[in-house]
Amino acid sequence: MVLYCFILNAGEPRKFDPKFTGPVHSRRCTDVICCVIFIVVILGYIALGVVAWVHGDPRKVIYPTDSYGQFCGQGDTPNKNKTILFYFNILKCASPVVIINLQCPTTQLCVSKCPDRFATYSDVQASYRYRPDQWNYFRQFCRPGFNNPRKSAAQVLRDEDCPSMIVPSRPFLKRCFPDFSTKNGVLTVANQTTFKDGRGKTRNVTDLREAANGINIVLDARSVGMKIFEDYAISWYWILIGLFIAMLLSLLFLVLLRFTAGVLFWIFIFGVIGIIGYGIWHCYWEYDHLKGIPGSDLTVYDIGFQTDFKVYLQLRQTWLAFMIILCGVEVIIILMLIFLRNRIRIAIALLEEGSRAIGYIMSTLFYPIVTFLLIAICISYWAVTAVFLATSGEPIYKIMANQTLCKYANLTCDPETFNTTNVTKLCPGAQCTFAFYGGESLYHKYIFIFQLANAFVFLWLVNFAIALGQCTLAGAFASYYWAYRKPADIPLWPLFSSFGRAIRYHTGSLAFGALIIAIVQLIRVILEYLDHKLKGTQNSFTRFLLGCLKCCFWLLEKFLKFVNRNAYIMIAIYGKNFCTSAKDAFYLLMRNVVRVAVLDKVTDFLLFLGKILVAGGVGVLAFFFFTHRIPVFSQEVPMLNYYWVPLLTVIIGSYLVAHGFFSVYAMCVDTLFLCFCEDLERNDGSTAKPYFMSASLHRILGKKKLSPKKSVES
């Protein structure tokens with residue numbers, strides 16, 4: 001599609017326009033067809049959400065479903081206070097995945113709490129006359145309304161009125177799982193290694209392992225998750241303070257760039273080197289401090305996976321690996337600074353010009369909030385629609401028979417009419433139980449297609465929101481550059497004017513560019529899905545082909561984002577359609593490829609160092625705070641299970657905050673650079689064709705002495 005744009009618009013180079021004086025204000029709508037398609041797709045997306053809302057039921061995700069298709073814990077039902085799902089015979093469940101997917105071939109019942117003891121129906125039946133309390137406890141795990149302990153055990157188990165046994169369990173994902181624990185290296189349940197299965201056999205607790213394979217790992221993960229949640233609950237206030245400090249630092253740096261861009265960025269560079277240097281020293285100190293401590297010389301392979309991450313910090317190998325990684329990063333940064341020192345000086349000068357532009361249009365610093373809100377709306381709508389689509393099915397019931405030779409087993413059935421059929425006579429003990437959610441209607445057959453459409457439109461809308469932000473910022477900064485007398489000729493409210501122009505005239509062009517990116521991203525998602533499905537295959541050629549395709553489409557996405565970004569700048573300046581703007585931007589950059597490689601990418605590198613310094617500085621402060629190393633605040637620090645939980649949150653959050661502010665700066669530099677290249681090609685500094693660039697920018701990137709060009713015929 002992009003190649004078609006370039007072929008369609010290829011031809012003679014763009015000629016000089018003597019009447020050009022800056023961004024075009026008298027515009028017309030561009031890419032109208034794509035705009036109409038985009039609006040129709042949005043209306044269809046809204047309709048899809050409405051249909052999903054009508055047919056979907058999120059309660060199917062929130063609440064477990066018993067064998068009768070009723071939700072556990074749903075209000076105004078008999079299960080209101082029964083929020084947990086209980087399995088009659090968990091030994092029939094082959095794996096926890098089957099359990100969670102509600103496909104375990106055993107009766108499932110809603111209960112108010114999980115069993116806390118071992119018991120069998122046979123034992124309870126034998127003692128119910130003189131121990132009625134045991135029967136009253138056991139029958140809460142039987143079918144509702146069943147209260148006939150005189151019924152023979154064989155008939156009860158055949159009809160599945162009650163479970164043959166109950167074992168001590170605990171709820172997880174609102175389902176009862178055996179309460180596994182390890183005692184002296186032996187797997188136990190409630191400190192017992194054996195139990196009666198209610199069918200005359202004494203079985204080992206390890207027999208439950210197959211049915212609950214991996215449950216211990218999941219439960220340990222839940223324990224870690226609960227501790228992390230507790231840490232967030234008691235440290236959220238300090239996390240917000242850390243993010244607020246990151247915001248202040250980012251704003252402070254951007255404001256100071258207007259006056260001391262060079263000094264600040266050299267501070268950025270040496271600050272990052274210093275932070276990494278401190279990290280190297282700290283890793284060496286920890287490595288040397290652990291010398292001689294028993295167990296510290298073990299390897300990560302020796303101890304295996306541990307949910308308590310503090311164990312890894314007690315190994316010398318861990319700190320040695322950290323130190324080697326940081327040393328490698330330090331060497332790479334220093335070498336880059338040595339070989340690119342002259343280019344860095346040039347980039348800093350361009351950043352000073354960008355800082356002046358932002359100084360005159362300060363409102364641009366807060367535009368990322370608009371983009372964030374738009375993307376948040378897209379994500380929320382996509383997630384809600386996906387949930388409603390996933391829960392659009394009707395309850396499907398299937399015949400569950402105890403006899404493996406029953407020809408009706410696994411066939412669909414109607415629970416209301418099941419008892420009137422002859423299935424129970426031909427297959428004694430057969431039941432019509434809930435299996436899963438689905439349907440045979442046209443809507444239900446195309447649920448997967450609707451989910452795919454939901455994902456595609458979501459990608460399209462997200463990329464459109466990003467494109468709108470880039471075009472809006474480009475228009476605002478272009479109005480600064482093409483103002484002959486700065487700041488007198490800068491139009492009033494340049495950001496709002498640029499946003500209005502982008503929405504009114506160029507929605508189609510922005511949607512066109514976003515559509516191209518969304519298609520590539522959807523293909524990448526499909527490739528990742530195929531790679532995940534074929535991960536276990538032994539076909540090396542298939543894995544190699546998928547790897548090549550994933551790499552190619554990743555590179556294609558990066559290239560298209562680069563082309564689109566500069567195309568949006570040209571759209572903001574000239575108001576032309578997407579294909580023409582993409583072609584003009586691409587050829588303009590190719591004619592200035594050296595400047596692009598040196599200035600644009602070095603600028604990106606410096607801005608990245610700025611983000612790292614903000615995140616690293618706040619991260620170091622948070623590290624000293626949460627590890628009680630700041631005496632003034634030692635009494636204010638909350639007691640945490642894992643201090644790295646708020647620490648990583650602060651570091652990642654600080655980086656994202658800095659990225660939001662610095663992305664505006666990056667867009668400013670890219671816009672000014674593209675405008676500068678246009679200025680050099682269109683003008684020669686003469687009275688008839690004066691440069692729009694500032695004198696300082698011309699001294700930095702242009703020739704030291706102006707030499708008038710020959711007139712270019714239009």
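**Close-up views of a predicted model**

**View 1. Helix H20 is largely enclosed by the rest of the structure, because 10 of its 14 residues are buried.** Buried denotes under 20% relative accessible area, exposed over 50%, and partly exposed the range in between, with a 1.4 Å probe and protein chains only. Helices are DSSP runs of H or I with at least four residues, strands are runs of E with at least two, and both are numbered from the N terminus. This is a predicted model, in which local features need pLDDT of at least 70 and side-chain atom pairs count only at pLDDT 80 or more, whereas totals for chains, interfaces and linings use all residues. Residues are numbered from 1 along each chain as its sequence is written, and side-chain values use heavy atoms, with hydrogens and water left out. H20 comprises residues 578–591 and reaches 20 Å from its first C-alpha to its last, close to the 20 Å expected at 1.5 Å a residue; the expected span is 1.5 Å times one less than the number of residues. Among the buried residues of H20 are Phe-578, Lys-583, Asp-584 and Leu-588. At the start of H20, the backbone nitrogen of Cys-579 has a side-chain oxygen of Asn-577 within 3.3 Å.

**View 2. A nonpolar surface patch includes Leu-43 of helix H2.** The patch is formed by Ile-39, Leu-43, Ile-46, Val-50, Trp-53 and Val-54, which together have about 620 Å² of accessible area. Patch residues have over 30% relative accessible area and no salt bridge; like charges are joined within 9 Å and nonpolar side chains (Val, Leu, Ile, Met, Phe, Trp, Tyr) within 5 Å. A salt bridge places a side-chain nitrogen of Lys or Arg within 4 Å of a carboxyl oxygen of Asp or Glu. Accessible areas come from the Shrake-Rupley method with a 1.4 Å probe, and for residues only the protein chains shown count as cover. Leu-43 has a relative accessible area of 54% and is therefore exposed.

**View 3. Trp-493 occupies the loop between helix H16 (447–481) and helix H17 (494–505).** Although Trp-493 is not a glycine, its phi is positive, at about 50°. Its relative accessibility is 56%, so Trp-493 counts as exposed.

**View 4. Asp-31 lies in the loop between helix H1 (2–9) and helix H2 (32–55).** The phi of Asp-31 is near 50°, a positive value in a residue other than glycine.

**View 5. Ile-516 is a buried residue of helix H18 (residues 507–533).** Ile-516 counts as buried because its relative accessibility is 5%. The C-alpha atoms of Ile-516 and Trp-460 are 8.6 Å apart in space, while the two residues are 56 apart in sequence.

Technical notes
Polar contact = N/O pair within 3.5 Å; in protein donor to acceptor, adjacent residues only side chain to side chain.
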